[in-house]
Amino acid sequence: MGNTPLLRLNTVTEDLPGEVWVKLDHYNIGGSSKDRIAVNIVRQAELSGELKPGDRIIDNGAGNTALGFALAGIAGGHPVTIVANPSLAKGKADLLTFLGVEILQGRADVPFDDAENWEAIAAHHADEDPSTWWSHQSATPDNPDAHYASTGPEIWHQTQGKVSTFIAAVATGGTVSGTGRYLKEQNPGVRVVASDFVEGPNYSTDLAEVIAGTKPLTEEKWAHNIDTTVIDSIEYRTRAEVIAFGWELARREGLVLGLTSVLSVAIALDLAAVAQPGEVIVAFSADHGRDYLAREYNAEWLRANGLAEIADRYDPAARPTEVLVG
Ligand SMILES: Cc1ncc(COP(=O)(O)O)c(C=O)c1O
């Protein structure tokens with residue numbers, strides 16, 4: 001786990017003064033950055049005695065954390081239950097089932113006090129059954145601490161201390177907060193940027209203003225592990241523009257990345273355009289694009305979901321041919 005490659009982009013960065021490097025965390029054994037946190041969360045809970053031998057681990061997750069917990073659970077002798085939401089990719093669900101993980105259905109788009117909320121379901125199961133332990137990735141410090149102890153030092157060494165900006169998509173906040181904290185301790189001048197979709201749950205909150213310091217932190221409406229003292233700014237892009245750029249990155253750079261990774265790379269390129277010559281900008285890639293081949297990286301899916309323009313741009317051969325009369 002860890003020690004994943006850092007790849008320099010060559011084609012899409014042509015003529016830009018700054019350099020863009022991508023931390024390819026899908027090279028972790030479970031296929032995503034979430035291996036790092038799952039292993040650390042389970043290990044710390046075992047050490048503290050909170051997670052006893054043979055106890056079941058339960059958490060909510062969109063697939064990547066689930067795979068990390070599946071592997072950590074097998075290594076530690078714990079069965080695993082995951083509360084998924086409807087966006088769980090079929091390939092990931094099949095793999096989880098193959099690994100013996102129990103999958104329950106929940107929802108990420110309803111508040112915690114709704115019985116269908118995926119965290120509420122995980123909490124409820126842990127309350128009901130003393131042999132089930134909720135790993136609670138959005139709140140435990142063992143999540144950002146995993147990135148503080150591994151991702152941060154790796155990027156620092158791989159860039160020989162030259163990293164000027166670090167960009168990572170934010171969900172629980174573990175990646176951006178933990179890695180950012182480590183990098184800032186090495187060089188307080190490192191800029192830490194969180195990325196999210198306009199359609200994401202953080203867009204409608206005061207998070208951007210609290211990070212910018214224009215609003216005081218009165219109550220948290222976002223994951224507890226989003227550390228607003230480490231993050232310098234949060235950048236948003238629409239899902240449609242990120243999907244289109246995902247196709248562009250694949251065709252021009254040969255790099256097939258998950259959508260949150262593409263989001264961070266898109267922002268990195270914008271920053272590289274206004275950077276000092278040779279400035280080192282690092283974008284974080286949480287997972288591979290292979291899991292998106294049945295959806296956002298599939299022309300038919302795009303056409304069926306109101307994004308035909310992207311499909312026509314990159315997959316014109318599949319466009320229904322016009323019949324010319326006369
Ligand atoms: C694909 C993907 N990208 C980004 C993230 C965000 O990472 P974090 O939870 O550390 O903020 C996650 C995890 O939730 C993820 O699965």
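Reader: Which residues of helix 9 are buried?
Author: They are Val 242, Ile 243, Ala 244, Phe 245, Gly 246, Trp 247, Leu 249 and Glu 253. Buried means under 20% relative accessible area, exposed over 50%, and partly exposed in between (1.4 Å probe, protein chains only). The model is predicted: local features need pLDDT of at least 70, side-chain atom pairs count only at pLDDT 80 or more, and totals for chains, interfaces and linings use all residues. Residues are numbered from 1 along each chain as its sequence is written, and side-chain values use heavy atoms, with hydrogens and water left out.

Reader: What covers the buried residues of helix 9?
Author: The cover includes strand 8 (191-197), strand 9 (233-237), helix 10 (259-273), helix 11 (299-304) and helix 12 (308-314). Helices (H or I, at least four residues) and strands (E, at least two) are DSSP runs, numbered from the N terminus.

Reader: Why is Thr 65 called buried?
Author: Its relative accessibility is 4%, so Thr 65 counts as buried. Thr 65 sits in helix 2 (residues 64-76).

Reader: What does Thr 65 contact, leaving aside its neighbours within four places in sequence?
Author: Thr 65 is in contact with Lys 34, Ile 37 and Gln 137. Contact means heavy atoms within 4.5 Å.

Reader: What makes the pair Thr 65 and Gln 137 a polar contact?
Author: Their side chains are joined at 3.3 Å. A polar contact is a pair of N or O atoms within 3.5 Å; within protein, one must be able to donate a hydrogen and the other to accept it, and residues adjacent in sequence count only if both atoms are side-chain atoms.

Reader: Why is Asn 40 called buried?
Author: Asn 40 has a relative accessible area of 15%, so it is buried. Asn 40 belongs to helix 1 (residues 34-48). A polar atom of its side chain lies 2.8 Å from the backbone oxygen of Asp 142. Not counting residues up to four places away in sequence, Asn 40 touches Asp 142, Asp 145 and Ala 146.

Reader: Thr 172 is in a loop. Why is Thr 172 called buried?
Author: With a relative accessible area of 9%, Thr 172 is therefore buried. The loop runs between strand 7 (163-169) and helix 7 (174-186). A polar contact of 2.9 Å joins the side chains of Thr 172 and Asn 143. A polar side-chain atom of Thr 172 also lies 3.2 Å from the backbone nitrogen of Gly 174.

Reader: Which residues are around the ligand?
Author: Among them are Lys 34, Asn 64, Ala 171, Thr 172 and Thr 175. A residue is near a molecule or strand if one of its heavy atoms lies within 4 Å of it.

Reader: Which atoms of Asn 64, Ala 171 and Thr 175 lie by an oxygen atom of the ligand?
Author: For Asn 64, a polar side-chain atom lies 3.0 Å from a ligand oxygen. For Ala 171, a backbone N or O atom lies 2.8 Å from one. For Thr 175, a side-chain N or O atom is 2.5 Å from one.
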